[in-house]
Amino acid sequence: MIWLLRRCVIAPAMIGLALLLWVALPLWLIVAAAVAPLLPGRWRPLRLLWMFVVYVTAESVLLVVLLGLWLASGFGRRIRTPYFEGIHYDLVQGLMWVVFTEARRVLALRIETRGPSPDAYPGTPLIVACRHAGPGDSFTLIHALMDWYHREPRVVLKDTMAWDPVIDVVLSRIPARFIKTNPGRGQDLESHIADLAAGLDANDAFVIFPEGGNFTPARRRRGIERLRGRGLDEMADRAARMTNVLAPRPGGLLAALQAAPEADVVMVAHTGLDHVVTVRDVWRELPMDKVIVMRWWQVPREEIPAEREAQIEWLFGWWETIDSWIAENRPQDLSRGRSRHGAVAS
């Protein structure tokens, strides 16, 4: 029933919203321009309005194209073949390119990646583990992997992301999994993750967010309490000292490591997208006039312990490194030519 709601109601509603936005765009522009002087930021309402129009329009066009591909594939019979999967990856990359090109132009947003260059991973399957601080980091990470590193990502996402109609349709046609943060009894998520990570080839990147959800103070407290409730007081103390990330949940990443023994691991941290979760957060915190920094660390397979307990210790150690890096690197504010929280460090 929920599947029908997303496909038959929300997806058409997105297309209808795009048409309505363009029909009434002059009115919306007048209203946004009128209130802009009353609000902080340089023309914030106009800039956010245009980005919203771009995103809704791009999604709507892509939904129509996706319907055409479903028809062309024999009403979905061949939609999961390599040929059509490749087309879907190209479409996602195109959507990301449009959105991020406009973000750089309209929001004066710059994204920098630091660490090993794409040439550092020739022909090596990758498992990419990223900290999670909002839906914006998911889009930015996928854009970086596809546009800069020329990878085809296999993604593990929270099931709530399926309410976005394009994400819902595309990820049902390429290797991906929607999972619940707190699964019920009998739901073996590690097996699903292992199935998705198996068989990675030279240009694949398996993407996972080991924290299991966006960072919030409440989630951070619950994660620490969960560790203490299991008698893992030392891990709980270490998690309590990490102030910028949640305690990682190792099960999914360890399942991926076991399913893809030939893959290296890439750890990813970023600043500038922190705590942008709700619509209110987007209005208040959406990065504008600043630099978002993404830091990549490649971990060769031979440096990863083989035993499960040692792998958990290894993961916690890396999350402590990521926490420290985030504390030392803050988004650079470009609106006044200086950093709001301090200079960006490499």
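This is a predicted model: local features need pLDDT of at least 70, side-chain atom pairs count only at pLDDT 80 or more; totals for chains, interfaces and linings use all residues.
Residues are numbered from 1 along each chain as its sequence is written. Local features need pLDDT of at least 70, side-chain atom pairs count only at pLDDT 80 or more, and totals for chains, interfaces and linings use all residues, while side-chain values use heavy atoms, without hydrogens and water.

The axes of α9 (residues 233–241) and α12 (residues 308–328) come within 10 Å and cross at roughly 15°. α9 is therefore roughly parallel to α12 (an angle under 35 degrees). In α9, Met235, Arg238 and Arg241 meet Ile312, Glu313, Phe316, Gly317, Glu320 and Asp323 of α12, where contact means heavy atoms within 4.5 Å.

The model holds 1 cavity of 30 Å³ or more, a cavity being a set of points on a 1 Å grid over the protein atoms alone where a 1.4 Å probe fits but cannot get out. The largest cavity contains about 270 Å³ of space. Its lining comprises 22 residues, with Val92, Met96, Ile142, Ile167 and Leu171 nearest the centre; lining residues have an atom within 4 Å of a point. At least two lining residues come from each of α3 (44–72), α4 (82–106), α5 (135–148), β3 (152–158) and α6 (165–170).

The residue classes of both sites are tabulated below.

Technical notes:
Axes are lines fitted to C-alpha atoms, for helices over the stretch in contact, and angles run from 0 to 180 degrees between N-to-C directions. Helices (H or I, at least four residues) and strands (E, at least two) are DSSP runs, numbered from the N terminus. Angles under 35 degrees count as roughly parallel, over 145 as roughly antiparallel, 65 to 115 as roughly perpendicular and the rest as oblique. On a 1 Å grid over the protein atoms alone, a cavity is a set of points where a 1.4 Å probe fits but cannot get out, and a pocket is an open set with protein on both sides within 12 Å along at least five of seven lines; lining residues have an atom within 4 Å of a point. Grid points are joined across faces, edges and corners, and a volume is the space filled by probe spheres set on the points.
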